[in-house]
Amino acid sequence: MQLGATLYIHNTQEAAALYQQAFGLTLGYSALNPDGSYLHASLCRDGQEIFAVSESRNDALVSLLRNADIRTNRPIANLGLDFPTEAKVRHTFALLAKEGTVTLPLQALPWCPLAGEVVDKYGVDWYIYLKQ
């Protein structure tokens, strides 16, 4: 069994480019809406889909997520991705934090040498950590 994840976000062309850069992914199968945004875009590593993006006009929800106090209003889910080096963790976190909201700054945690959480500018909650 493999869990599939689709991020329903606004500005999918821009977001897909950011996620490719941040996570070292490539664009797989994609289909466009008439306005040029992605109806569906698979983002892949080594030919395997990691997640997909699909255009959604959800600006109110994005604003709510980016302005919520994470201690009292956690999102239902976040996406956690591990990286093999501290440099990759810091690089990815910095890209996602640009125009996003850091909810847990990068730091050592009892279960992980380096981790942080950020809600990116598209409203996606990411947990980025160094693989032990």
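The model is a predicted one, in which local features need pLDDT of at least 70 and side-chain atom pairs count only at pLDDT 80 or more, while totals for chains, interfaces and linings use all residues. Residues are numbered from 1 along each chain as its sequence is written, and side-chain values use heavy atoms, with hydrogens and water left out.

The strands are described first. Helices (H or I, at least four residues) and strands (E, at least two) are taken as DSSP runs and numbered from the N terminus, and two strands are said to pair if DSSP finds at least two bridges between them. Four strands form an open sheet in the order S1-S4-S3-S2, with mixed pairing. Its edge strands, each of which pairs on one side only, are S1 (6-9) and S2, and the twist from one strand to the next averages 20°; for such angles, axes are lines fitted to C-alpha atoms, for helices over the stretch in contact, and the angles run from 0 to 180 degrees between N-to-C directions. Strand S1 runs parallel to strand S4 (residues 48-55), to which four bridges join it, and threonine 6 has alanine 52 in S4 as its bridge partner. Strand S2 (residues 26-32) and strand S3 (residues 38-45), by contrast, run antiparallel and are joined by five bridges, with threonine 26 standing opposite cysteine 44 in S3. In the hairpin of S2 and S3, five residues lie between the strands, and glycine 36 takes a positive phi near 95°.

Another open sheet of four strands has the order S5-S8-S7-S6, and its pairing is mixed. Here the edge strands are S5 (79-83) and S6 (101-109), each pairing on one side only, and neighbouring strands of this sheet are turned by 15° against each other on average, direction ignored. Strands S5 and S8 (residues 125-130) run parallel and are joined by five bridges, and the bridge partner of leucine 81 is isoleucine 128 in S8. Five bridges also join S6 to S7 (residues 112-119), and these two strands run antiparallel; a hairpin of two residues connects S6 to S7, and leucine 109 stands opposite cysteine 112 in S7.

The aromatic rings were then examined. Rings of Phe, Tyr and Trp (its six-membered ring) pair if their centres lie within 6.5 Å, and planes under 30 degrees apart count as stacked, over 60 as edge-to-face and the rest as tilted. A search of the whole structure finds nine aromatic pairs. The ring centres of tyrosine 19 and phenylalanine 51 lie 5.6 Å apart with the planes at 75°, so this pair is edge-to-face. Because tyrosine 19 lies in helix H1 (residues 12-23) and phenylalanine 51 in strand S4, the pair ties together parts that are 32 residues apart in sequence. Both tyrosine 19 and phenylalanine 51 are buried. The rings of tyrosine 19 and tyrosine 122 have their centres 6.0 Å apart and their planes at 75°, and therefore this pair is edge-to-face. This pair links distant parts of the chain, 103 residues apart, with tyrosine 19 in helix H1 and tyrosine 122 in the loop between S7 and S8. Ring pairs link Tyr19, Phe23, Phe51, Phe83, Tyr122 and Trp126 into a cluster.

Note on methods: Buried means under 20% relative accessible area, exposed over 50%, partly exposed in between (1.4 Å probe, protein chains only).
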